[in-house]
Amino acid sequence: MTFSASSFDRLAERRIRRARLVAKDGRCNIEYGNVKYSKHFAFLADFWTTFVEIRWRFVLFFFIASFTLSWFIFGLLWYWIARSNGDLTWQSPPEDHTPCVDNVVGLTTAFLYSLETQTTIGYGGRAITPLCPGAVALIIIQSLIGAIINCFMCGVILSKISLPKKRAKTITFSDMAVICPKNGALCLSIRLANLRKTLMIGSQIYGKLLRTTNTPDGETIIMDQVNIDFMVDAGKDNLFFVCPLTLYHIIDKSSPFFEMAVDTMHKQEFELVVFLDGTAESTSSSCQVRTSFIPQEIMWGYNFLPIISRSKEGKYRVDFSNFSKVVPVATAHCAYCFHNIKGHHHHSRDGCDNQSFEVIDIPDHSNITKM
């Protein structure tokens, strides 16, 4: 049996996907087993959250089934009332007979009257008469139940449409993370962009490094979590998220990346999960955006290309074609060398021009751009 290079690439991609706890789009790759059967009733007790979180195919199924089933059940009740009063065709009612519901003479017409009553269509061909108290009570009951079903299903659909995680779809991370010098320190950098012009209020960024560790007692921790602090040039809290930002983590002696090097990074087994918490300005709903990076997605000795420039009209413009593009820069091959060996931490301070827009001369050559 022979395998092509593309087959090996697909197998490697599947292995990487299975190894992730958090996918690139933020979904968690985890499953629960051996849950006690009695615990499943907790999902029924919290039925609203259960309905909001289930998939659209099941929501549409329950939407159609709830209305159709209620129409049919009440249709049977209207058929039973008509039969009890002798209104049906096969009962041969006399000419002076007064029915409970006009023109309900069979099961089909009873179903149509149930549908017309609950949906308030009212074509005028079938109408209730005041001679049957049971029919009057039934139309009141069906109207109330129909209103409850309408409110519940409309609430579920509106809640699913307006879920905060939908806002997260318009916030994107760069495909790769980079490690390079920044402001005299060795940093791990990630680019983040908000595709909408509306801001994320009170945004906070943080990370978790997930890896398998062994304790001195011999215990193996499968999912050991280590806090990773990220910041931008203006700090790490209450980000002004109006344009793409570059988040960076300083690799110092307290960083878990301090012991790694350019030739050992891809041999490590870990997952860097990055979180962004914030409140959408337009809906005031809190949401969380997350993604992850594995060692194969961290590039040592590279930096992101610039994407922000200014037009002749004085507007700031963002070129998203360079959002995930990187350029090699001179970087020490390990964090220890950068901090302890002279000459290994020198790097070029020449910027890269964004060819898509007008190049503007900026007298201040510092790495921090103040707007």
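Start at Ile 73, whose place is in helix 4. This is a predicted model, in which local features need pLDDT of at least 70, side-chain atom pairs count only at pLDDT 80 or more, and totals for chains, interfaces and linings use all residues. Residues are numbered from 1 along each chain as its sequence is written, and side-chain values use heavy atoms, with hydrogens and water left out. Helices (H or I, at least four residues) and strands (E, at least two) are DSSP runs, numbered from the N terminus.

**Stop 1**

Ile 73 has 41% relative accessibility, so it counts as partly exposed. The cut-offs are under 20% relative accessible area for buried, over 50% for exposed, and partly exposed in between (1.4 Å probe, protein chains only).

Helix 4 gives the largest share of the patch, five residues.

**Stop 1: the rest of helix 4**

Select residues 56-84 for helix 4. Its 29 residues reach 42 Å from first C-alpha to last, close to the 42 Å expected at 1.5 Å a residue. The expected span is 1.5 Å times one less than the number of residues.

Next, color the buried residues of helix 4, among them Phe 67, Trp 71, Phe 74 and Trp 78. An α-helix has 3.6 residues a turn, so residues three or four places apart point the same way. The buried residues of helix 4 pack against helix 3, helix 5 and helix 6; contact means heavy atoms within 4.5 Å. Just after the helix, Gly 86 takes a positive phi of about 75°.

**Stop 3**

Move to helix 6, residues 133-161. Helix 6 also has 29 residues. Its buried residues include Leu 138, Gln 142, Ile 149 and Lys 160. They pack against helix 3 (47-53), helix 4, helix 5 (107-118) and helix 7 (164-167).

In helix 5, pick Glu 116. Its relative accessible area is 7%, so Glu 116 is buried. Leaving out residues up to four places away in sequence, Glu 116 touches Ile 121, Gly 122, Tyr 123 and Arg 126.

**Stop 2: the hairpin**

Jump to strand 8 (residues 270-280) and strand 9 (residues 286-293), which run antiparallel and are joined by eight bridges. Two strands pair if DSSP finds at least two bridges between them. The two strands form a hairpin with five residues between them. In the turn, Ser 284 has a positive phi of about 60°. Leu 272 stands opposite Phe 293 in strand 9.

Finish on Phe 270 in strand 8. At 6% relative accessibility, Phe 270 counts as buried. Its contacts, not counting residues up to four places away in sequence, include Leu 209, Arg 211, Phe 257, Met 260 and Phe 293. The C-alpha atoms of Phe 270 and Ile 294 are separated by 6.3 Å, though these residues are 24 apart along the chain.

**Zoom out**

The chain has eight helices and 14 strands. Of its 371 residues, 35% count as buried.
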